[in-house]
Amino acid sequence: MCWMVLKTNQTSASHQSHLSPACIHVHTWKNAYQLGCRAPPPPPGAFLRFIPSSGLWVPSQLPPPILSSLPVVPAPCDDLFDKSLATGQPGKLREEVLGELSNVEQAAGVRWSRFPDLNRLLKGHRKGELTVFTGPTGSGKTTFISEYALDLCTQGVNTLWGSFEISNVRLARVMLTQFAVGRLEEQLDKYDEWADRFEDLPLYFMTFHGQQSIRTVIDTMQHAVYVYDICHVVIDNLQFMMGHEQLSTDRIAAQDYIVGAFRKFATDSSCHVTLVIHPRKEDDDKELQTASIFGSAKASQEADNVLILQDRKLVTGPGKRYLQVSKNRFDGDVGVFPLEFNKSSLTFSIPPKSKARLKKIKDDNGLVAKKPSSGKKGAMPQISETCSNQARNPNQPDLSKPSR
Ligand SMILES: Nc1ncnc2c1ncn2[C@@H]1O[C@H](COP(=O)(O)OP(=O)(O)OP(=O)(O)O)[C@@H](O)[C@H]1O
């Protein structure tokens, strides 16, 4: 068994006297080697372990006094290396690459039912990724990300919301309106039907509001992954979670640390994290860019995907807003697509001109209706031109069914 160093401190271990090759030799009568020194390279087959932070190859069995003085926490690891695509290697690289190639659909992740353009660009929503989402103040970030997450959740993506800016009551009200694709204020008799259906979704809310420490938030997320098998965490938004205490320079460092913690959580827990971050103040006539995200470049560097809600019209499309995918690490493309806001249903999906794409079937009564969907829970809402403001919805409660 070889050993791998999991955590290191900032100081190069080789600068510490007890870890210099000479000192190890004096204490153990065994040879250690340091990369980049005039010392000879380790002989082939030598039973050594490598300490990445120090560039040292040390004997794999150091006596306890030296081992305990390491500035690191060693942990056992059988597979330090993957060799090309060779079979039989501990990391199974070859099988895993084949798995990705032969299951392209699965590797692409869960597809949105309300946002076909997102599928075109991002392919799908995948576990273990970090998405950073930004947009001007009041442009509709919360409203959009609510529908974006709800869409996935109705398809069985277990979702945890951390709403640090608006209360869970207000958020759930927006989501319920989007779920019902229409205002429930005027049809309160249907409230219980919709609420029952909404309650059946694998959707959970953190009970935090306002400033909260990253440690507490990550602990809560880890607990939720363990207990509820959460696959998607939405943090809305980073600035409200951090509060306003730090000075400006500390604040950027603190934000970088927090972004790093969310990144690590996403990777380690195989859970997608969508992080809403306000942009820095830009001129109103300028479009936002990846570099407009508040803080250092850390957020966009760590992110797998960067989405920007631009509050201006696309010259070539309908809608007063558009969504820009400005970074896409996995597959697919970067690009833009228009969003048209429906004030009644608080939804961004299906701009009116795109309705032409939907296949319509005239029924016997001369009413216009969309071809029935697959019946999949949470599938694309069906737009009926017989409804004025409210779109017909596959999530529509079956009113013949008694409410719970
Ligand atoms: N495209 C839109 N057109 C008009 N109004 C919108 C649009 N999108 C959202 N709204 C409305 O604007 C208000 C603010 O929306 P929302 O809270 O989603 O914005 P935000 O970008 O998250 O705000 P903040 O910058 O404060 O976090 C809400 O009342 C919402 O219904």
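Which residues of H7 are buried? They are Met175, Thr177, Gln178, Phe179 and Ala180, where buried means that 20 or more other C-beta atoms, placed from the backbone, lie within 10 Å of the residue's own, exposed means 12 or fewer, and partly exposed is in between. The legends below describe a predicted model, in which local features need pLDDT of at least 70, side-chain atom pairs count only at pLDDT 80 or more, and totals for chains, interfaces and linings use all residues. Residues are numbered from 1 along each chain as its sequence is written.

**View 1. The protein chain as a whole.** The secondary structure comes to 12 helices and 15 strands; these are DSSP runs numbered from the N terminus, with helices being H or I of at least four residues and strands E of at least two. Of the 404 residues in the protein chain, 31% are buried. Contacts (C-beta atoms, placed from the backbone, within 7 Å) between residues at least 6 apart in sequence join residues at least 24 apart in 63% of cases.

**View 2. The shell around the ligand.** The residues around the ligand include Gly135, Thr137, Gly138, Ser139, Gly140, Lys141, Thr142 and Thr143. Glu165, Arg321, Phe341 and Leu346 also belong to this shell. A residue is counted here if its C-beta atom, placed from the backbone, lies within 6 Å of the molecule. Helix H6 (residues 141-153) supplies three residues, the largest share of the shell. By class there are two nonpolar, seven polar and three charged residues. Nonpolar covers Ala, Val, Leu, Ile, Met, Phe, Trp, Tyr, Cys and Pro, charged covers Asp, Glu, Lys and Arg, and the others, Gly among them, count as polar.

**View 3. Helix H7 and the residue that follows.** H7 (residues 168-180) has 13 residues and reaches 18 Å from its first C-alpha to its last, close to the expected 18 Å; the expected span is 1.5 Å times one less than the number of residues. What covers the buried residues of H7 includes H6 and helix H8 (191-199). Just after H7 comes Val181, in the loop between H7 and H8. Val181 has a positive phi of about 50 degrees although it is not a glycine. Val181 counts as buried because it has 27 C-beta neighbours inside 10 Å.

**View 4. The open sheet.** Eight strands form an open sheet with mixed pairing, in the order S8-S7-S9-S10-S6-S11-S12-S13; two strands pair if DSSP finds at least two bridges between them. Strand S8 (203-205) and strand S13 (335-339) stand at the edges with a single partner strand each, so one side of each is left without a neighbour in the sheet. Neighbouring strands are turned by 20 degrees against each other on average, direction ignored. Axes are lines fitted to C-alpha atoms, for helices over the stretch in contact, and angles run from 0 to 180 degrees between N-to-C directions. H6 lies across strand S6 (130-134), S7, S8, S9, S10 and strand S11 (305-310), and runs at about 170 degrees to S9.

View 5. S6 and S11 pair in the parallel sense over four bridges, with Val132 opposite Val306 in S11. Strand S12 (residues 321-328) pairs with S11 in the antiparallel sense over six bridges, and Val325 in S12 is the bridge partner of Leu307.

View 6. Strand S7 (residues 159-163) and S9 run parallel and are joined by five bridges. Ser163 stands opposite Asp236 in S9. The peptide bond from Asp236 to Asn237 is cis, with omega near -5 degrees. Asn237 is in the loop between strand S9 (232-236) and helix H10 (238-242).

View 7. Ser270 lies in the loop between helix H11 (248-269) and strand S10 (272-276). Its phi is near 50 degrees, a positive value in a residue other than glycine. Ser270 is partly exposed, with 13 other C-beta atoms within 10 Å. Glu282, in the loop between S10 and helix H12 (298-302), is partly exposed, with 13 other C-beta atoms within 10 Å. Not counting residues up to four places away in sequence, Glu282 touches Leu288 and Ser292.

Technical notes: Contact = placed C-beta atoms within 7 Å.
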